[in-house]
Number of protein chains: 2
Amino acid sequence: MTDISRRQVTLDEVAERAGVSRSAASRVINNAPHVSKAKREAVQRAVVDLGYVPNATARALATQQAGAVVLAISSDNPQVFADPFFAEVVVGVNSVLEETELELMLLLATSTRGQTRLEQLLRTRQADGVMMMSTHGDTLAELADKADVPVVFGGRPVNFEPRFYVDADNRGGARLATEHLVDKGRTRIATITGRMDEGAGTARFKGYQEALAVAGLDAGRVAHGDFSEDGGSRAMAELLSEHPDLDAVFIASDQMAIGALRVLTDAGRSVPGDVAIVGFNDIPSARHTAPPLTTVNQPIQALGREMARMLQSLMSGETPSPLILPTRLIQRAST
Amino acid sequence: MTDISRRQVTLDEVAERAGVSRSAASRVINNAPHVSKAKREAVQRAVVDLGYVPNATARALATQQAGAVVLAISSDNPQVFADPFFAEVVVGVNSVLEETELELMLLLATSTRGQTRLEQLLRTRQADGVMMMSTHGDTLAELADKADVPVVFGGRPVNFEPRFYVDADNRGGARLATEHLVDKGRTRIATITGRMDEGAGTARFKGYQEALAVAGLDAGRVAHGDFSEDGGSRAMAELLSEHPDLDAVFIASDQMAIGALRVLTDAGRSVPGDVAIVGFNDIPSARHTAPPLTTVNQPIQALGREMARMLQSLMSGETPSPLILPTRLIQRAST
DNA sequence: GTGAAAGCGCTAACAC
DNA sequence: GTGTTAGCGCTTTCAC
């Protein structure tokens with residue numbers, strides 16, 4: 001293992017050592033043509049001897065390519081990133097980036113400061129591409145979608161369809177979940193929605209409505225949550241007081257389902273005996289609730305992977321199609 | 001909101017527009033002294049008019065400062081990053097970086113490829129500093145600790161004490177947990193350890209031993225796990241067959257505790273009636289197991305925050321002291 | 001196949 | 001205070 005605390009070795013030094021011009025050395029490094037075999041080898045030897053590593057900054061300046069992409073997560077709440085969801089996305093993204101020379105920059109834009117930074121980033125090509133996950137607000141998203149830097153979205157904003165995105169089939173998943181409730185013979189099926197200013201929130205609500213419409217059932221038992229456990233509790237309490245006859249609930253996130261479950265139990269309703277519930281996301285905790293939660297799984301790592309792939313494709317001048325990843329029902333004891 | 005799809009505006013253009021020299025403009029941008037008020041204002045106006053944003057790459061090349069730090073997580077298993085733990089660390093790190101001009105780069109070094117990249121990074125000053133979390137192996141860590149780039153460690157390697165680190169008090173937490181079991185009147189207290197090639201694994205084991213030594217109890221009932229749920233199940237089964245008399249288990253991670261809990265239940269041992277257990281990490285699921293898990297909480301976001309702060313301090317030439325963050329016992333029904 | 005030379009956009013001496 | 005100048009380390013025409 002070579003000594004790490006050595007100062008930067010420049011291309012000039014390599015060239016000198018190899019007895020060639022700097023341009024020749026450069027050609028070898030970037031394995032470009034027009035170099036004699038002899039020189040090529042001489043340079044390669046010099047590179048090894050000196051432990052040369054190209055200076056990425058200088059290269060970036062010369063080529064006008066940053067050699068980095070950014071994963072930007074814009075939200076009004078710094079804590080959302082603590083959601084394991086993003087960790088999984090990152091793993092997926094990383095798995096494809098690892099095959100390339102691209103660095104990954106992470107931009108958690110919560111404050112206005114972060115937002116500004118994101119805008120500047122978009123404008124100044126400090127990154128060769130951006131993967132954007134926005135949990136709220138469409139204006140930044142529209143802005144990003146218009147930037148001349150390649151941008152792919154993870155998930156879709158509410159009122160706006162980006163040119164390039166990969167999303168989970170939230171609507172389909174919600175339909176699946178609700179249909180499952182119907183299949184189980186439930187007829188008074190309520191829902192607790194997520195935040196309706198997020199794409200996932202509205203899509204899951206639509207899926208619920210569709211499934212009930214098809215089944216010819218009433219889709220009027222709805223309470224709005226915010227994806228959080230507490231929000232789920234509140235919404236469940238509301239539902240219970242306004243629609244005490246409900247016999248099932250489709251809940252737009254497992255976190256909310258956990259909150260709702262507690263309220264149901266406290267109210268003396270057995271699950272799934274009196275009320276069947278299904279959640280969404282398939283978080284680890286969903287396996288450990290009592291009873292374990294039926295839920296909808298989405299392929300999160302795949303989402304990250306496909307975002308990165310789509311970005312690559314975009315960066316190499318292609319025009320990829322948007323992608324919707326399938327979700328699937330995980331059946332457990334709560335239904 | 002300004003149009004984003006505009007090409008790069010250079011400092012020269014700003015200078016020309018303001019009718020000053022480039023150096024004057026540069027001074028204003030970096031609010032350095034020696035500029036008359038008039039010119040300063042002229043430049044500021046030009047900046048706004050033109051929508052000038054400095055080119056970070058060029059600046060980095062000129063100043064020899066990357067303007068970015070990296071969070072490197074080196075592990076032999078790509079999946080470890082999916083652990084919510086890291087998401088929390090990132091939130092902490094980001095909260096302090098957000099106050100600065102520094103970008104955050106994420107380096108998940110799993111493959112050899114990633115390792116190489118990390119080494120190069122260390123060597124070429126592509127980043128002004130690195131925060132390093134290594135889950136295994138000490139050689140890379142020692143290498144990093146010797147690099148001339150500021151490096152702070154999150155957690156400590158097993159056989160090696162870095163110069164700058166912030167760590168949770170794993171040993172103290174384990175002692176706390178074990179003492180709690182002692183206080184509950186348990187006398188045949190076993191342990192399931194984590195991976196013993198990770199600092200957290202060995203430290204928690206030491207804490208267990210210490211507590212039992214102080215209490216004058218036998219610390220011989222031990223099985224080794226790997227922090228995973230399955231590993232916990234296996235280890236618990238082993239413990240049950242080799243030390244069927246045990247009446248408590250300190251388990252070095254909640255994930256393992258969940259696995260162990262299932263095995264205990266399946267074996268007909270009631271928790272905490274027959275066997276009391278306590279876990280470590282305070283993951284969300286720990287609240288939803290049956291019974292809910294007593295566990296040790298560590299301040300993960302604070303860990304991230306302090307790593308970033310320590311790095312900043314290091315980068316500004318100071319010599320910070322290592323930091324150990326307190327852990328605390330969260331008492332629930334499993335004891 | 002080869003090298004000289006001109007940048008990439010910025011900062012930092014230095015002389016005025 | 002101010003502007004001129006020389007780089008930072010690399011890539012890339014362009015003529016040979």
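What percentage of the contacts in chain A between residues at least 6 apart in sequence join residues at least 24 apart? The share is 71%.

## Overall form of chain A

This is a predicted model. Chain A contains twelve helices and twelve strands. Its radius of gyration is 26 Å, whereas the globule rule gives 20 Å for 335 residues, so chain A is more spread out than a compact globule. Taken along the principal axes, the box filled by the C-alpha atoms is roughly 85 × 40 × 35 Å.

## Burial and surface

Of the 335 residues in chain A, 56% are buried. The accessible surface of the chain is about 13900 Å². Carbon and sulfur atoms account for 49% of that surface.

## The site of Arg186

A:Arg186 sits in the loop that runs between helix 8 (170–183) and strand 6 (189–193) of chain A. A:Arg186 is buried but forms no salt bridge.

The backbone of A:Asp247 is placed otherwise: its oxygen lies 2.9 Å from a polar atom of the A:Arg186 side chain.

Leaving aside residues up to four places away in sequence, A:Arg186 touches A:Leu181, A:Leu217, A:Asp247 and A:Ala248, among others. Its contacts also include the run A:Pro272, A:Gly273, A:Asp274, A:Val275 and A:Ala276.

Note on methods: Residues are numbered from 1 along each chain as its sequence is written. Chains are lettered from A and ligands numbered from 1 in the order in which they are written. This is a predicted model: local features need pLDDT of at least 70, side-chain atom pairs count only at pLDDT 80 or more; totals for chains, interfaces and linings use all residues. Side-chain values use heavy atoms; hydrogens and water are left out. Helices (H or I, at least four residues) and strands (E, at least two) are DSSP runs, numbered from the N terminus. Buried means under 20% relative accessible area, exposed over 50%, partly exposed in between (1.4 Å probe, protein chains only). Lys and Arg count as positive and Asp and Glu as negative; His and the chain ends are not counted. A salt bridge is a side-chain nitrogen of Lys or Arg within 4 Å of a carboxyl oxygen of Asp or Glu. A polar contact is a pair of N or O atoms within 3.5 Å; within protein, one must be able to donate a hydrogen and the other to accept it, and residues adjacent in sequence count only if both atoms are side-chain atoms. Contact means heavy atoms within 4.5 Å. The radius of gyration is taken over C-alpha atoms; the globule rule is 2.2 Å times the number of residues to the power 0.38. Accessible areas come from the Shrake-Rupley method with a 1.4 Å probe; for residues, only the protein chains shown count as cover.
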